[in-house]
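Start by looking over the structure below.

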Amino acid sequence: MTDTVANAISTPEHDQPYDALGLKPDEYQRIRDLLGRRPTSGELAMYSVMWSEHCSYKSSKIYLRQFGQKVTPKMKQNLLVGMGENAGVIDIGEGWAVTFKVESHNHPSFIEPFQGAATGVGGIVRDIISMGARPVAVMDQLRFGAIDHPDTARVVHGVVRGISSYGNSLGLPNIGGETYFDSVYQDNPLVNALAVGVLRHEDLHLANARGAGNKVVLFGARTGGDGIGGASILASDTFSEGGPTKRPAVQVGDPFAEKVLIECCLELFAGDLVQGIQDLGAAGISCATSELAANGDGGMYIELDRVLLRDPTLTPEEILMSESQERMMAIVQPDKLEQFLAVTAKWDVETSVLGEVTDTGRLVIDWHGEEIVNVDPRTVAVDSPVYERPVAYPSWIDALQADSASALPRTSDPDQLREQFLTLLGSPNLASKHWITDQYDRYVGGNTALAVPDDGGMVRVDESSGLGFAIAADANGRYAQLDPYEGARLALAEAYRNVAVTGAVPAAVSDCLNFGSPENPEVMWQFSRAVEGLADGCLELEIPVTGGNVSFYNQTGDSPIHPTPVVAVLGVIDDVARRVPSGWQDDGENIYLLGTTALELDGSAWAGTIHDHLGGRPPKVDLEAEQRLAGLLAAGAQESLISAAHDLSDGGLAQAIAECVLRFGVGARVVLDELLDRDGIDVATALFSESTGRVLVSVPREDDVRFRGLCEGRGYTVARIGVTDATSGTLELQDLFTVPVEDLRATHRSLAL
């Protein structure tokens, strides 16, 4: 029997399975207090998914407010849409705007790696569509367990196939990302998907339902039983020691249906046939109806039995909770409904008119003529519980920070340095990921200017002017484990630097904050510090956070992952023809190292790979220096003084030199004597330190004087450390060792799973 509102009123003591839906006893009581009665089973379904950690941000909201509070007028200058919408939007000039966002699909990708990752891509792409934009690129940030663990291959191959299958089928270039292996992610892999879209200013659309009488239209794929409870049950709980405690169906994606949906939406936007629009992702129809109503005039009437179903046995509660993919909900004026339906029919996209916008302030849903939901939509979508979780300084962190890598033995023996250099170059986290990235189409669409293995991806937006954007996303869980405040700032600095080396000017930030359980006070301390660090860093750089995602419960039993705040930075370049690649291509160019090197090996790849060590404090980050460095690089690119630029991060100078050589197969002769004397460091520190604010550049000989003048004028430390060598076929570090380029390549490409 259908649980109607009338039935709920007449049966107040009816037992309801709120705990199985992820609600706590006090949350269930709060729902009863809001309604003045027990909820119907449909209402309970809606509240359970919308009040979940994944959808409501109930444990993180008090911290995330800093992103909107720590702002300057400059940070708002080019911001068209900020936090609170499906994705942030920034003005990049010439009437163009870019929208971008990064989100997690972690838990589903452990349970069913292929579909979990594929639908992660599909979901973030629909967020971009819902802003009125055409998606033009994707990226991914991946973290897996130990590479030699028997289960890692299952997850890695499934995730990579899911990403490549969905992205390639959509015709979207995958222009960059990261893949790391660490045992802390063994049962909690991280699959963070990023998408970017472009639009003209006038094409911007928002998620709200305004205008009483306007029609509520569901279009796209039919609704099935896949993904029911994904947000409330799967993404908002930890895994037990024995594996997932709750296993609802993971969503099933159809990229070809999404491709048609993209083109259909763009035609609807072009015809001005849409008043408001929302994609259906986490929480499905529950989310779309409540958010559209709450963000608009506040009322909506829906006939749920009009939803087109793949599975006719679905109950109304299951329809409300289903997370079936490739669906959108639009608000359409009645006089434009016929034109709207003509466009969806042209694209063969199934469409159903579910109801209309009202001015009642209530979200009312009927099922075959009986009222099963009658709620204030704001109580579902906006006014969820807000928790101030207990916060505790970790009992173990002082001892961890006291255990510095500076006490580890550092060799000066050339043979041992050569061996360590090659060990790092072929290690799981520094070796080439060509066996992953070669499965992604990087150039489909014809507008990719830079892509992996360059430091940042770059896409042309306007063919006539060359206007484009660059984007990079970075994280270092090892740094954040040592100090989450500095770890978040380091992730920001690296992504900022990776955009700057392409020749673009950093302009905006999106983030995906991956942490353990918020019910663990030490995890909440890590989270609070990371958010504070990121907010402070963005304020210092004067670059706005446009939106993002929080992923909690990345924890098995009592063992959380390392804090992994992924930070994506988007930059603007006025002409992609002036882009700067990450490797040198010509013989006889001078190689310069920008920045200074200190004894900063704590949390480094060298400490982890050579000594299996994690301890100490991460490298210091000077964001004012990063800002000056970015300005120098932009000026160098604008004046065509720099032929290649590559940032120094994981693996330090040694890894950066090797990657510059391998990018185009051009060797180098490097001399470190001046660097050692100037910075007062030993040779192992020079090669493997991960000090920040450093970039390796190559400069044509005829531009040498001008480049040095640029560095001097901007007050940035620089040292000439070598020359490119296209004839010898080797990388020579004078007085230390020489490695043939082919040996470098063989070592770097030796990893495969």
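The crossing of helices α21 and α22 is right-handed. The model is a predicted one. The points below begin with this helix pair and then turn to the sheet and to one further helix.

**The α21 and α22 pair**
- Helix α21 covers residues 484-500 and helix α22 covers residues 521-541; their axes come within 7 Å and cross at roughly 40 degrees.
- Angles under 35 degrees count as roughly parallel and 65 to 115 as roughly perpendicular, so α21 is oblique to α22.
- On the α21 side, the contacts are made by Pro484, Tyr485, Ala488, Arg489, Leu492 and Tyr496.
- Residues they meet in α22 include Trp525, Arg529, Leu534 and Leu541.

**The sheet**
- Seven strands make up an open sheet with mixed pairing, in the order β8-β10-β7-β11-β9-β12-β13.
- At the edges are β8 (276-279) and β13 (370-375), each of which pairs on one side only.
- From one strand to the next, the twist averages 20 degrees.
- Strand β10 (residues 327-332) pairs with β8 in the antiparallel sense over four bridges, and Ala330 of β10 is the bridge partner of Ile277.
- Helix α13 (residues 284-295) lies across β7, β8, β9, β10 and β12, and runs at about 25 degrees to β10.

**Helix α10**
- This helix (residues 152-170) has 19 residues and reaches 27 Å from its first C-alpha to its last, close to the 27 Å expected at 1.5 Å a residue.
- Among its buried residues are Val155, Val159, Ile163, Tyr166 and Leu170.

Technical notes:
Residues are numbered from 1 along each chain as its sequence is written. This is a predicted model: local features need pLDDT of at least 70, side-chain atom pairs count only at pLDDT 80 or more; totals for chains, interfaces and linings use all residues. Side-chain values use heavy atoms; hydrogens and water are left out. Two strands pair if DSSP finds at least two bridges between them. Helices (H or I, at least four residues) and strands (E, at least two) are DSSP runs, numbered from the N terminus. Axes are lines fitted to C-alpha atoms, for helices over the stretch in contact, and angles run from 0 to 180 degrees between N-to-C directions. Contact means heavy atoms within 4.5 Å. The expected span of a helix is 1.5 Å times one less than its number of residues. Buried means under 20% relative accessible area, exposed over 50%, partly exposed in between (1.4 Å probe, protein chains only). Angles under 35 degrees count as roughly parallel, over 145 as roughly antiparallel, 65 to 115 as roughly perpendicular and the rest as oblique. A crossing is left-handed if the near helix is turned anticlockwise from the far one by less than a right angle, and right-handed if clockwise.
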